[in-house]
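Subject: Structure for your review

Dear colleague,

Please find below the structure that I am handing over to you. My notes on it follow.

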Amino acid sequence: MNFICTRNKDEKVSFKDAVINGLSKQGGLYIPDNIPALNDSFFDGIESLKDEDIALHVLSPFVSESLTEKQLKQIISETLNFPTPVVPVTDQIGSLELFHGPTQAFKDIGARFMSRCLAHFHEGKEVVVLVATSGDTGSAVANGFFDVDGVTVKILFPKGKVSPYQEFQMTSLGKNIHAIEVNGTFDDCQALVKQAFNDTDLRNKVNISSANSINIARLLPQMLYYFFAYKQLKSKLKDKKLTVSVPCGNLGNLTAGIIAKRMGLPIHKFIAANNANDTFSNYLSSGIYQAKPSVSTHSNAMDVGAPSNFERLEHIYNHSVSDMQKDITSFTVNDEMTLKEISHCMAANNYLLDPHGAVGMLALKSALKEDEYGVFLETAHPQKFSEIIQKVLPNYKSETVDLKDCNKNSMDNNYAEFLEKITN
Ligand SMILES: *Cc1c(COP(=O)(O)O)cnc(C)c1O
């Protein structure tokens, strides 16, 4: 299989090149040139398959020209060494807990998979991985790439807009992991990274790669937990239809879910749950895409005003908003509603939501029909956001972190300064 660029269908590259390049030369995103359909017998017997076998079956068609089966198996086993359980919250709703990895957010899966792919592909050449983060990507990437030979990671995060726990996870590792705090917003960080990718001079001098969800090696493994969720729920669903609510930021998780559905996974409908950064919700209701500056919310990993994977979704749906609306509805949740839902869910169901999961849960409840079973993605561990949870559950306690021995660089929102940091 080849990967094509969302901005130029004639640019075809292998999985390997798509991973190494991150973003295409035109600034477009890579997307598989076709989405293979899995046959019915795979879904009929899915409950008796091991997660690793499901992963191999789902991912092989996308990567088999660039990785041997043995390499892929190895990468999968290192990626999936933590569980992704669906935990019942109400009779009709389950929480797909994606936070049991090392940095307690779903991004561990993509980051671990990608770092190991890159380690196979760089063949001795030094690679600089650039990543802009609103919080969780940075920690997952830092952890996934820590001490990987030949790779240096530069993480840009917006000053004062990540939680202390997230900052600790990015800045406490050291070695090949360089955290840079930017005097600006997440969008500024993302724009700096994009500018670096469009800088031919720089790309001629330095092998740069991206670890944001724009990298296809981050995106593809995110399909897996939708399959794992279905495997766990299949016997419970009976004749109910499966609806999945996805707390959205850059739309990577949602795009991965849509690709899984296109492969045949029986997900009836997706709900795109947005916080106040509702660019995608607005698009779905109006058909007009209007990026806007991001605003800070309690669910900070979703504070994205110009979601990068939108281009991929548009491509998959051939630019038809009406086709997209058949698969995806959306719902917007503000901070006040988020806090209320955290406290309500604890009181009613004795289940602790993190702010992102709370947005997903509320969006799901707003849309769930009687003939459906609903799952929301619980994308981060509540502990990462204890300061927010304590606003409504004052007795909630979590580990505290000490930032004083951590290492970070600071800079203004300035490309020249960033260049210096990349080349040094
Ligand atoms: C990154 C992140 C999101 C948003 O996911 P996207 O794939 O960027 O849409 C939601 N919740 C948490 C906790 C995250 O870390």
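Is phenylalanine 270 buried or exposed? Phenylalanine 270 is buried, because its relative accessible area is 0%, under the 20% that sets the limit for a buried residue. Please bear in mind throughout that the model is a predicted one.

Phenylalanine 270 forms an aromatic pair with tyrosine 226; the ring centres are 5.9 Å apart, the planes stand at 75°, and the pair is edge-to-face. Tyrosine 226 belongs to helix α11, whereas phenylalanine 270 belongs to strand β11 (residues 269-274), so the pair ties together parts that are 44 residues apart in sequence. Tyrosine 226 also counts as buried, because its relative accessibility is 2%.

In total, the structure holds 14 aromatic pairs. Another of them joins phenylalanine 43 and tyrosine 230: with 6.4 Å between the ring centres and 75° between the planes, the pair is edge-to-face, since planes over 60 degrees apart fall into that class. This pair, too, links distant parts of the chain, as phenylalanine 43 is in helix α2 (residues 40-44) and tyrosine 230 is in helix α11, 187 residues away. Both phenylalanine 43 and tyrosine 230 are buried. These two residues form one aromatic cluster together with Phe42 and Phe227.

Helix α11 also packs against another helix. The axes of α11 (residues 224-237) and α12 (residues 252-262) come within 8 Å and cross at roughly 60°. That angle makes α11 oblique to α12. On the α11 side, the contact is made by Tyr225, Tyr226 and Phe227; on the α12 side, by Asn253, Leu254, Ala256, Gly257 and Ala260. Of the residues in this contact, 6 are nonpolar, 2 are polar and none is charged.

Arginine 262 lies over the face of tyrosine 317, at a distance of 5.0 Å from the ring centre.

Glycine 160 is located in the loop between β7 (151-158) and α7 (164-171). Glycine 160 is exposed, because its relative accessible area is 68%, and the limit for an exposed residue is over 50%. From C-alpha to C-alpha, glycine 160 and alanine 132 are 15 Å apart in space, with a separation of 28 residues in sequence.

With kind regards

Definitions and conventions. Residues are numbered from 1 along each chain as its sequence is written. This is a predicted model: local features need pLDDT of at least 70, side-chain atom pairs count only at pLDDT 80 or more; totals for chains, interfaces and linings use all residues. Side-chain values use heavy atoms; hydrogens and water are left out. Helices (H or I, at least four residues) and strands (E, at least two) are DSSP runs, numbered from the N terminus. Buried means under 20% relative accessible area, exposed over 50%, partly exposed in between (1.4 Å probe, protein chains only). Axes are lines fitted to C-alpha atoms, for helices over the stretch in contact, and angles run from 0 to 180 degrees between N-to-C directions. Angles under 35 degrees count as roughly parallel, over 145 as roughly antiparallel, 65 to 115 as roughly perpendicular and the rest as oblique. Contact means heavy atoms within 4.5 Å. Ala, Val, Leu, Ile, Met, Phe, Trp, Tyr, Cys and Pro count as nonpolar, Asp, Glu, Lys and Arg as charged, and the others, Gly among them, as polar. Rings of Phe, Tyr and Trp (its six-membered ring) pair if their centres lie within 6.5 Å; planes under 30 degrees apart count as stacked, over 60 as edge-to-face and the rest as tilted. A charge sits over a ring if NZ of Lys or CZ of Arg is within 6 Å of the ring centre and within 35 degrees of the ring normal.
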